Amino acid sequence: MAFGDIGGVVTELVITCRTPAAGAVSIAKGDAVKLIGAYTVSNDTDAEDPVFGEALADASGNGAAIPVKVRGISIFEYDGETPPVVDGLAGVTAAAANGKVKAPASGNGKGMNLKVDAAAGLVHVLL
């Protein structure tokens, strides 16, 4: 699959996870999700939570199956005044805004940032 401004082959890994068994669920396609249990994901994040992957479908019910991309290129909305950097190391962590990512406060987050589109508030991350 060709992807990005230049193109090339990208291998993706998608696994089936589920939403939490109880509580409010409002996951949108494209949201960054964190792992909260065995194959269970949520977009209800706190700043600096590790990003597990990208939700590939909307989900609003408890215990619902949801496909999650855990390897490949994901395009996330980022939050915060400091945009993620393209440096081959830093990656991203979860933001306090559900489903969004941010630059890590210190150290490295998940993946490698390939492109930052500051005008659109998007970061392309190789997970």
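Val 25 contacts Thr 19, Pro 20, Ala 59, Ser 60, Gly 61 and Asn 62, leaving aside its neighbours within four places in sequence. Val 25 also belongs to the largest nonpolar core. The model is predicted. The points below cover cores, sheet, selected residues and salt bridges.

**Nonpolar cores**

- The largest nonpolar core has 11 residues in all. Its members are Cys 17, Val 25, Ile 27, Val 33, Val 41, Phe 52, Ala 55, Ala 59, Ile 66, Val 68 and Val 70.
- Strand E5, residues 65-71, gives the most to this core, with three residues.

**Open sheet**

- Three strands form an open sheet in the order E6-E10-E9, with antiparallel pairing.
- Strand E6 (73-77) and strand E9 (112-117) stand at the edges. Each has a single partner strand, so one side of each lacks a neighbour in the sheet.
- From one strand to the next, the twist averages 25°.
- E9 and strand E10 (residues 122-126) run antiparallel and are joined by five bridges.
- Met 112 stands opposite Leu 126 in E10.

**Thr 40**

- Thr 40 sits in strand E3, residues 40-42. It counts as buried, at 9% relative accessibility.
- Its side chain reaches the backbone oxygen of Ala 38 at 3.0 Å.
- Not counting residues up to four places away in sequence, Thr 40 touches Arg 18, Thr 19, Pro 20, Lys 34 and Leu 35.

**Val 51**

- The loop between E3 and strand E4 (53-55) holds Val 51. Val 51 is buried, with a relative accessible area of 5%.
- Val 51 touches Ala 32, Val 33, Phe 76, Val 92, Thr 93, Ala 94, Val 101 and Lys 110, not counting residues up to four places away in sequence.
- Val 51 and Val 70 are 19 residues apart in sequence. Their C-alpha atoms are 9.3 Å apart in space.

**Lys 102 and Glu 48**

- Lys 102 lies in strand E8, residues 101-102. It is buried, with a relative accessible area of 16%.
- Glu 48 is partly exposed, at 32% relative accessible area.
- The two form a salt bridge, with the closest N and O atoms 2.3 Å apart. Glu 48 lies in the loop between E3 and E4, so the pair ties together parts that are 54 residues apart in sequence.
- Leaving aside neighbours within four places in sequence, the contacts of Lys 102 include Ala 47, Asp 79, Pro 84 and Val 92.

**Other salt bridges**

- Side chains of opposite charge can pair when their charged atoms come close. The count here comes to five salt bridges.
- Glu 12 pairs with Lys 69, the closest N and O atoms being 3.2 Å apart. Glu 12 is in the segment before strand E1 (13-18) and Lys 69 is in strand E5, 57 residues apart.
- Glu 12 is partly exposed, with a relative accessible area of 34%, whereas Lys 69 is buried, at 7%.
- Glu 77 pairs with Lys 100, the closest N and O atoms being 3.6 Å apart. Glu 77 lies in strand E6 and Lys 100 in the loop between strand E7 (93-94) and E8, so this pair ties together parts that are 23 residues apart in sequence.
- Glu 77 counts as partly exposed at 44% relative accessibility, and Lys 100 counts as partly exposed at 25%.
- Salt bridges that share partners join Glu 12, Glu 54 and Lys 69 into one network.

Conventions:
Residues numbered from 1 in each chain as written. Predicted model: local features only at pLDDT ≥ 70, side-chain atom pairs only at ≥ 80, totals over all residues. Heavy atoms only, no water. Core = buried A, V, L, I, M, F, W, Y, C linked by side-chain atoms within 4.5 Å. Buried < 20%, exposed > 50% of the residue type's maximum accessible area, 1.4 Å probe, protein only. Helix = DSSP H or I, 4+ residues; strand = E, 2+ residues; numbered from the N terminus. Contact = heavy atoms within 4.5 Å. Polar contact = N/O pair within 3.5 Å; in protein donor to acceptor, adjacent residues only side chain to side chain. Pairing = 2+ DSSP bridges. Axes fitted to C-alpha atoms, helices over the stretch in contact; angles between N-to-C directions. Salt bridge = Lys/Arg side-chain N within 4 Å of Asp/Glu carboxyl O.
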